[in-house]
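Here is a short report on a structure with more than one part to look at. Please keep the sequence and the coordinates open while reading.

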Amino acid sequence: MYIKPLTWTSAVMLSFCALTPAQAETGNADKGKQMAAVCVACHQQDGAGKENPDAESWPRLAGLDAGYIQKQLADFKSGARNNATMKPFASMLNTEQAANVAAYYASLPAPAIKATAPTDAQQALGKKLAKRGDWDRYIPACNSCHGPDSLGVGSSFPALAGQHAGYIAQQLNAWREGKRSNDPQDLMLAVASRMSDDDIAAVSAWLANQPAAK
Amino acid sequence: MNHFTILSPLTLAMVLTSNTAVAAENAPQVPVNLPPPKAGQYVHDVPTIDSLIENDKMKPQLRSVVLKGYDLFMNTQQLRGENVFNDMNCRTCHMGEGRKSWAAPVWPAATTLPNFRGKNQHVNSVEERIAGCFSFSMNGKPPAYGSDTMLSLVAYHKWMATKAPMYEGNIAGRGFGKLAKPAQEPDYQRGAKVFKDNCVICHGEQGEGKTARGEVVFPPLWGDGAYNWGAGMVRLKTASAFIKHNMPLGKPGTLSDQQAWDVAYYIDAQERPQDPRFTGDVKETREKYLNFHKHSLYGTVVNGKLLGDHKNTGEKPFLKPFNLRPRDFAQGSDQL
């Protein structure tokens, strides 16, 4: 008779869940809210961010993973993620304050954003790239790392669904052009560098029109 | 940061043919470094799901069965607890919808079987080959031969093989490929470092994988959620080639052969559910299936521990599924 015991694996996994590097710094959302007073000018009161046609779009932060936000703040500050707009604000925050701000935005419910509807062609291509990828061009699906419905996996793979199309497109272009390189192990560069302008427009538009929470 | 500028033929073709090529001279690239087809090999143009949906000559009933097979292939977890008793999907190993070269594309099963198979020493049908995946890689119990589930999976395989020649065995991109023997014997400590540097971000510190909203996103590599000790992936030659040609995701060919062998060794030196062919004694089982296990660490001692010396079958409430039985064609034919 073969019966499943509580194996060593389960035990180790349980103990590991408690402490992963990204969660090592757990922020205080209440303190973060006060600190976030300067963020609302762009990221808005509800953290929804804003699509700015033909200009830098401001990402939705509400509901994103705290560890992800915290790492981006650290990278803006250190220059690992190069962004002239964010650098001065991130530089105002010490590690604890950044953790608090990250915790605050992570705690907010993800609001619905205003997104332009994709064209029919973009709808088909964007959905395909997000859900199935295009392996003939070695483009894995967004979902294969960013998780079911591209709602994010942990601190390394942020939610994409319900994010502003302009922001997503700008980031993919930044990778393609070598202007963003703070992704772990060049994983996003690998994919972005194989995407065409049409791919980027389609997948950005499709993702922006997906629900930010389920 | 490491930006590679050497472009593989595939990447070049991609760049040249993409509608709006990312042509900037200094644009960073991560190469798709995969072995090219050899002279004389059959190179299959695997049809796409899009072409299936657009194919108005196909009977809609058949199309829906092929699509059912595709759905089962991509989301095999819908059979969890019935046929699948771990966190795997078909596409976990057979990446790119089972179509991709060097990720063990599955369509050759439809053109090269029935045939003799060394692993079980008899002639296997397509169904029996698929059943093998369920028994070992999915740590499960195969769908019954002739069942709707099995027929759908076979239909997906056969449709992908459309226009491929029957019994042509010299196929480009078949299997996971083969790496040359490493310069240094594979090593646990070096493998641990490769794992930490390249694999942990998705597969976790303990190889436990990652799940989001109830779905497995990154599969476990050992432990109860992973393939069992009878799966092809426990062979170092198989795992090293899979890793070299498919991992990290999106960056095939970026690890050295030595790194691939080392990390395969590290992963294989961890525990996983018992080989369903287990006789009750791990060393005896290793000996009995030595043609297979001579390539794995099963039944050997690593870091002072005898691997596979347990009766844990993971989530599966039994050891051996129905299909693991010898076949006997001894009666042959009296027509000759």
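Chain B of this predicted model has 13 helices and six strands. Of its 336 residues, 47% count as buried. Along the principal axes, the C-alpha trace of chain B spans about 60 × 55 × 45 Å. The radius of gyration of chain B is 21 Å. A compact globule with 336 residues would have a value near 20 Å, so chain B agrees with that expectation.

**A helix pair in chain B**

Two packed helices are described by the angle between their axes and the distance between the axes. Helix H8 of chain B covers residues 188-198, and helix H11 of chain B covers residues 257-268. Their axes lie 7 Å apart and meet at an angle of about 100°. Angles of 65 to 115 degrees count as roughly perpendicular, and H8(B) and H11(B) are therefore roughly perpendicular to each other.

The table lists the residues that make this contact.

| Helix | Residues in the contact |
|---|---|
| H8(B) | Tyr188(B), Arg190(B), Gly191(B), Ala192(B), Val194(B), Phe195(B) |
| H11(B) | Gln259(B), Asp262(B), Val263(B), Tyr265(B), Tyr266(B) |

By class, the contact of H8(B) with H11(B) has seven nonpolar, two polar and two charged residues.

**Two domains in chain A**

The domain assignment of chain A gives domain 1 (25-107) and domain 2 (120-208). The C-alpha centres of these two domains of chain A are 21 Å apart. How many residues of domain 1 of chain A are in contact with domain 2 of chain A? There are 18, and they touch 15 residues of domain 2 of chain A. The side of domain 1 of chain A that touches domain 2 of chain A has five nonpolar, six polar and seven charged residues.

**A glycine in chain A**

Gly67(A) sits in helix H4 of chain A, which runs over residues 66-78. Is Gly67(A) buried or exposed? The cut-off for a buried residue is 20 or more other C-beta atoms within 10 Å. Gly67(A) has 24 other C-beta atoms within 10 Å, so Gly67(A) is buried. Gly154(A) is 87 residues away from Gly67(A) in sequence, yet the two are 7.7 Å apart in space, C-alpha to C-alpha.

How values were computed:
Residues numbered from 1 in each chain as written. Chains lettered and ligands numbered in written order. Predicted model: local features only at pLDDT ≥ 70, side-chain atom pairs only at ≥ 80, totals over all residues. Helix = DSSP H or I, 4+ residues; strand = E, 2+ residues; numbered from the N terminus. Buried ≥ 20, exposed ≤ 12 C-beta atoms within 10 Å, placed from the backbone. Domains from an automatic or database assignment. Contact = placed C-beta atoms within 7 Å. Nonpolar A, V, L, I, M, F, W, Y, C, P; charged D, E, K, R; others polar. Rg over C-alpha atoms; globule rule 2.2 N^0.38 Å. Axes fitted to C-alpha atoms, helices over the stretch in contact; angles between N-to-C directions. Parallel < 35°, antiparallel > 145°, perpendicular 65-115°, else oblique.
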